[in-house]
Amino acid sequence: MAMHLPSNRGRGRRAPMAEINVTPLVDVMLVLLIIFMVTAPLLTAGVPVNLPESRARALDQEQKPVQIAIDDKGQVFVDDEPVDDAGLPGMLEQVAARKGADGKPPQIYLRADQGLGYGKVMRVMGELNRAGLNSVALLTNAASK
């Protein structure tokens with residue numbers, strides 16, 4: 001008769017695995033990173049505006065700029081908030097009161113629909129000038145070659 005002694009070889013129990021497999025976690029995080037990198041530039045423009053094209057290069061910016069948009073109906077938006085013509089001067093004075101670390105008012109990004117009349121854009125620019133906001137960038141789409 002043979003005696004059956006437990007051995008480490010063969011059918012014995014396996015020791016519990018004490019290491020965590022992080023490969024699936026890394027894969028999911030990389031996919032999320034790519035998704036956010038693709039969608040983040042699409043979230044910057046809140047009001048849909050059909051911009052004209054230009055060959056100018058992008059501006060360097062330290063302070064967060066104020067976005068002013070004029071849609072195809074002539075409605076003015078300051079940082080995605082609709083503003084009527086009567087409330088625009090007061091809103092621009094509040095924006096001009098916000099000073100950056102260098103003591104200057106914030107940069108203004110003006111986006112206007114290309115089908116909009118010249119007079120509406122110039123009225124908004126006149127109000128910007130009257131409020132002391134003279135650093136205005138007119139945004140356009142990059143020209144396609």
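My entries below cover charge pairs, a helix contact and some backbone angles.

**Entry 1: salt bridges.** I noted at the start that this is a predicted model. How many salt bridges does the structure hold? I found two.

I took the pair of lysine 120 and aspartate 85 to begin with. Their side chains meet in a salt bridge, with N to O at 2.8 Å. Lysine 120 belongs to helix 3, residues 118-130, while aspartate 85 sits in the loop between strand 4 (81-83) and helix 2 (88-97), so this pair ties together parts that are 35 residues apart in sequence. I then checked accessibility on both sides. Lysine 120 has a relative accessible area of 13% and is buried, whereas aspartate 85, at 54%, counts as exposed.

Next I went to glutamate 127 and arginine 130. The closest N and O atoms of this salt bridge are 3.4 Å apart. Both residues are in helix 3, three residues apart, which puts about one helical turn between them. Glutamate 127 is partly exposed at 23% relative accessibility, and arginine 130 is exposed at 55%.

**Entry 2: helix 2 against helix 3.** I asked myself how the two helices are set: what are the distance and the crossing angle of their axes? The axes come within 9 Å and cross at roughly 45 degrees. An angle between 35 and 65 degrees is classed as oblique, and helix 2 and helix 3 are therefore oblique to each other. I also looked up the hand of the crossing, and it is right-handed.

I then listed who makes the contact. Helix 2 brings Leu88, Pro89, Leu92 and Glu93, and helix 3 brings Val124, Glu127, Leu128 and Arg130. Sorted by type, the residues of this contact are five nonpolar, no polar and three charged. I was pleased to meet Glu127 and Arg130 again here, as they are the partners of the 3.4 Å salt bridge.

Entry 3: Where does aspartate 79 lie? I found aspartate 79 in the loop between strand 3 (76-78) and strand 4. Its phi is positive, about 50 degrees, although aspartate 79 is not a glycine. Aspartate 79 is partly exposed, with a relative accessible area of 27%.

Aspartate 80 also lies in the loop between strand 3 and strand 4. Its phi is near 70 degrees, again a positive value in a residue other than glycine. Aspartate 80 is partly exposed too, at 45% relative accessible area.

Conventions. Residues are numbered from 1 along each chain as its sequence is written. This is a predicted model: local features need pLDDT of at least 70, side-chain atom pairs count only at pLDDT 80 or more; totals for chains, interfaces and linings use all residues. Side-chain values use heavy atoms; hydrogens and water are left out. A salt bridge is a side-chain nitrogen of Lys or Arg within 4 Å of a carboxyl oxygen of Asp or Glu. Helices (H or I, at least four residues) and strands (E, at least two) are DSSP runs, numbered from the N terminus. Buried means under 20% relative accessible area, exposed over 50%, partly exposed in between (1.4 Å probe, protein chains only). Axes are lines fitted to C-alpha atoms, for helices over the stretch in contact, and angles run from 0 to 180 degrees between N-to-C directions. Angles under 35 degrees count as roughly parallel, over 145 as roughly antiparallel, 65 to 115 as roughly perpendicular and the rest as oblique. A crossing is left-handed if the near helix is turned anticlockwise from the far one by less than a right angle, and right-handed if clockwise. Contact means heavy atoms within 4.5 Å. Ala, Val, Leu, Ile, Met, Phe, Trp, Tyr, Cys and Pro count as nonpolar, Asp, Glu, Lys and Arg as charged, and the others, Gly among them, as polar.
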